[in-house]
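Let's take a walk through a protein model together. Keep the picture open beside you as you read, and stop to find each piece before moving on.

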Amino acid sequence: MGDFLVIAGSSIVVSPNHIHFTKSKPSLNPSAITKLSPPSKPPSPPPHPPLSPSPSASSSAAPRPPLLSTVRWNSPPSRRRNRIRYYADLASKLAEDGRFEDFLMIAESVVASGVNPSDFAALLSIELVSSGMVRVLREGKIWSVVEVLRSVEKLGIGALRLFDGAVTEALAEECRRVVKRGEVVEAVELMETLAGFDFRIKELVDPSQIVGLCVRNRDSNTAIRYVCNLPHANVLFCTVIHEFGKKGDLVSALTVFEVSKQMSNGPNMHAYRTIIDVCGLCGDYLKSRSIYEGLLAEKVTPNIYVFNSLMNVNACDLSFTMHVYKHMQNLGVAADMTSYNILLKSCCLAARVDLAQDIYSEVQRLELKGILKLDIFTYSTIIKIFADSKLWQLALKIKEDMLSAGITPNRVTWSALISSCANAGLIEQAIQLFDDMLLAGCEPNSQCCNALLHACVEAFQYDRAFRMFRSWKESGIHKAFVEDYNFSTYSNPGVEHAPGNSINTIQNCLYKSHNLKISRWVPFTPTTATYNILMKACGTDYYRAKALMDEMNAVGLSPNHISWSTLIHVYGGSGNVDGAVQVLSSMREAGIQPDAIAYTTAIKVCVERKILKTAFSLFAEMKRYQIKPNLVTYNTLLRARSRYGSLQEVQQCLGIYQEMRKAGYKSNDYYLKQLIEEWCEGVIQNNNQNEVKFSSCKKADLGGPHSLLLEKVAAHLHKTNAESLAIDLQGLTKVEARIVVLAVLRMIKENNGQGSWVKDDLFIILGVKKAAGTTTTSKDKFELEDAITKLLRDELGLEAILVKSRKLNLGASFYSYANVEETVGLGSKRSPAELESCYRRPAVLRRLRVTRKSLHYWLQKRASSTIRKCYYY
């Protein structure tokens, strides 16, 4: 009777006589197959085993003994080896069929019976096991394979010994499928598990794909988990930091940076350099400074690359850049050519031509010593600095230095040279430089062509710009290559030079026709900037400007904010205010949110056409859309009126002024102060003599900052007649105090005309008198008191009463003081000096009070005068 192998916990009944293997496997001798029962006992048919329970049911049942725990393995070595081989072959066949649960059951039983796991693994058929794993993987059951590998590892069998390259490729394909579905968390978890089996996970999926998904999802934690399982993690951490920075996610980049610091044995300068660069990409240069300070706090000296990145990110702040440069020198870190290029860049942004010349001279000196070698970036940057400052002769001199050093100008250099002449309005010289560039064999790009078109626009040669554009677009740019192009031989007829000046401003190429090697046409591809320049050349022809925008859309270009702002300007130049304002709505319809420049352009159009209501409504619309006005916006609105007619107009402009100062902008207060003076003097009418007298003293007292005056006027004009009125004149000059008093009185007058009656007396604070009997500045205080008293009594006919308080408490109400009153108003003959207190006080607050009765009489008199004047006319 044949022997049977019964697998406990399974429904498998295998007869050794019916097992067939592939030809690569050795044939088995049935006599060598041992029985499960001990050989000393007669064989008996085993009972039919029960069906294997589900994993959930078996987990709760009592633990079963290993399958082969009762088999005696102390037989002769040959029989023992054959027995192990039999079970290995059986397990391999089960694995080939994808029955890994049974495969693991046999492996567990063999190992539990005392067989060395390595010996059993060596007898397994890797080809059959791999074939079964590939089958399972192609069914999408990658986690089933992972569980098999995890179980095999627990038995002491290396997971990598069970499969070949086919399994690796199937695993990689399934991992890529998971990544393609965007399930980055599952993919990283899978990578972590495979890495635990010493699997080279970097070969499964391109790390850039995993990192890209993490960056897209802003998932820094998953990115960190993935990188920690890869070799050379410190380098990959820098890649992840940079990728987050390119997406503008500084928070995630900083999170990865902190983890990289913890996992590094020492300061990783590459990581520091990368995170500083990311701060620049995200626009947070202050954070880069704090990172740099933290590095110094750890007593670590940064290398030259960290210093260069820090200076480059902070190039917008020349003082800080120079501070870092000097600190770098103090630490003994030698500057390289990149360091000096960044310094020149910072000088360019700060428009410091003098400092840039000093740095350039120093670099030339170092070059003569053989320490440094100037490169194309150095020359191009210094040329751009001179070009922006319209120093075109110096720019051409730098070009001569380039050619002498054997460095050929590139497109950036040629563009800067052309721009230098364009900014100076030298259109012919700019065209000559463009021709020189073509003859030198440098193929122009759109930036070079735009520079030449810009030169035409700056010189008001609009038709010439359009002719060039159409010619380039239709037939391209004629490019001639010359064999013997002599850069050192130039002539510039018609331009005289100072004695000793060897600068040849216009460079003409001297060549012969037989030296021409090749001539061809270079295609011209316009950009959005090209069309923006041409739109400026439209002048007031908004039909042509609109046609250019339509042409942009036709060639696949999208108008940007500059395009729309230019269109608004063109509409405004033609006087079409409605069209200019309508452009803002068209921008939103095109999917572009108008910015501060677009709104400011529209506001300027309205102000120039004296449509102030629309201008201020656009300003309110800006704030409604949470668009921050810039300095030009505020100055345009503050200069919108040449005179003020009503209190509301003054309040409106003062409100804009206060908002401007809160936003951190500094303005020229002189113009606004003049308008407010004119408006305030409107209180006094039919008294030309007094107005002339004031105008003469007004001119003498002008000058200095006027923000205090404007702030006081703004604070008082936001009150109403129903409130307790008080005017604080402390810290003001006579003229400024006069303006504040007149501003409040005009506000009272206009509010009274609208039905808001005065309910309280008006108090005017003059100053504080000290214990010694003198005011803080006695002469100025008495002059101020006299000037305001004469204004109220003589020019306005109001009754003024000098009020002195027994104690000084500026935080209390004006009515909380014990007042001693003396009349200085109508009919009074006592001077202010006679009104001083006869006994000493610690401090006396000197005030003038204008009674409510006097204010009512003054308002009625002015109203009657106005009515009589209207009746007369």
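**Helices side by side, and what lies between them**

Let's start with a pair of neighbours in this predicted model: helix α10 (residues 220-227) packs against helix α11 (residues 233-246) at an angle of about 160°, and their axes are 10 Å apart. An angle over 145 degrees counts as roughly antiparallel, so α10 and α11 are roughly antiparallel to each other. Their crossing is right-handed. Which residues do the touching between α10 and α11? From α10 come Ser220, Ala223, Ile224 and Val227, and they meet Ala233, Leu236, Phe237, Val240 and Phe244 of α11. Sort the residues of this contact by type and you get eight nonpolar, one polar and no charged.

Now jump along the chain to another pair. Helix α29 (residues 596-608) and helix α30 (residues 612-624) pack at an angle of about 165°, with 8 Å between their axes. That angle is also over the 145 degree cut-off, so α29 and α30 are roughly antiparallel to each other. Here α29 passes α30 in a left-handed crossing. On the α29 side you'll find Ala596, Tyr599, Ala602, Ile603, Cys606 and Val607, which meet Leu612, Thr614, Ala615, Leu618, Phe619, Glu621 and Met622 in α30. The residues of this contact divide into eleven nonpolar, one polar and one charged.

While you're there, follow the chain out of α30. In the loop between α30 and α31 (631-638) sits Gln626. Gln626 has a positive phi of about 60°, although it isn't a glycine. Is Gln626 buried or exposed? Its relative accessible area is 72%, and anything over 50% counts as exposed, so Gln626 is exposed.

You can find another residue like this in the loop between α14 (285-297) and α15: Lys299. Lys299 isn't a glycine either, yet it has a positive phi of about 60°. With a relative accessible area of 78%, Lys299 is exposed.

Helix α15 (residues 304-313) packs with helix α17 (residues 337-350) at an angle of about 10°, their axes 9 Å apart. Angles under 35 degrees count as roughly parallel, so α15 is roughly parallel to α17. The α15 residues Ile304, Asn308, Met311 and Asn312 meet Thr338, Ser339, Ile342, Leu343 and Lys345 in α17. In this contact there are four nonpolar residues, four polar and one charged.

Between those two in the numbering comes helix α16 (residues 318-330), and Thr321 lies in it. Leaving aside neighbours within four places in sequence, Thr321 is in contact with Met311, Asn314, Ala315, Leu343 and Ser346. Thr321 is also 8.1 Å from Leu310, C-alpha to C-alpha, and the two are eleven residues apart in sequence. How accessible is Thr321? Its relative accessible area is 0%, so it is buried.

Ser92, in helix α2 (residues 77-96), is another one to look up. Ser92 is buried too, with a relative accessible area of 0%. Not counting residues up to four places away in sequence, Ser92 touches Phe103, Leu124, Ser125, Leu128 and Val129.

Next, the inside of the protein. In soluble globular proteins, nonpolar side chains tend to be buried together. In this model, the largest nonpolar core has 204 residues, and those with the most contacts inside it are Phe120, Met133, Leu204, Tyr340 and Phe434. Take Leu204 and look around: apart from residues up to four places away in sequence, it touches Thr168, Leu171, Ala172, Cys175, Arg176, Met191, Leu194 and Phe199. There is also a second, separate core of 33 residues, which includes Leu654, Val740, Val744 and Ile788.

Finally, zoom out to the whole chain. Its secondary structure comes to 38 helices and nine strands. The chain has 873 residues, and 47% of them count as buried. How many of the contacts join residues at least 24 apart? Among contacts between residues at least 6 apart in sequence, the share is 71%.

Definitions and conventions
Residues are numbered from 1 along each chain as its sequence is written. This is a predicted model: local features need pLDDT of at least 70, side-chain atom pairs count only at pLDDT 80 or more; totals for chains, interfaces and linings use all residues. Side-chain values use heavy atoms; hydrogens and water are left out. Axes are lines fitted to C-alpha atoms, for helices over the stretch in contact, and angles run from 0 to 180 degrees between N-to-C directions. Helices (H or I, at least four residues) and strands (E, at least two) are DSSP runs, numbered from the N terminus. Angles under 35 degrees count as roughly parallel, over 145 as roughly antiparallel, 65 to 115 as roughly perpendicular and the rest as oblique. Contact means heavy atoms within 4.5 Å. Ala, Val, Leu, Ile, Met, Phe, Trp, Tyr, Cys and Pro count as nonpolar, Asp, Glu, Lys and Arg as charged, and the others, Gly among them, as polar. A nonpolar core is a set of buried Ala, Val, Leu, Ile, Met, Phe, Trp, Tyr and Cys residues joined through side-chain atoms within 4.5 Å. Buried means under 20% relative accessible area, exposed over 50%, partly exposed in between (1.4 Å probe, protein chains only). A crossing is left-handed if the near helix is turned anticlockwise from the far one by less than a right angle, and right-handed if clockwise.
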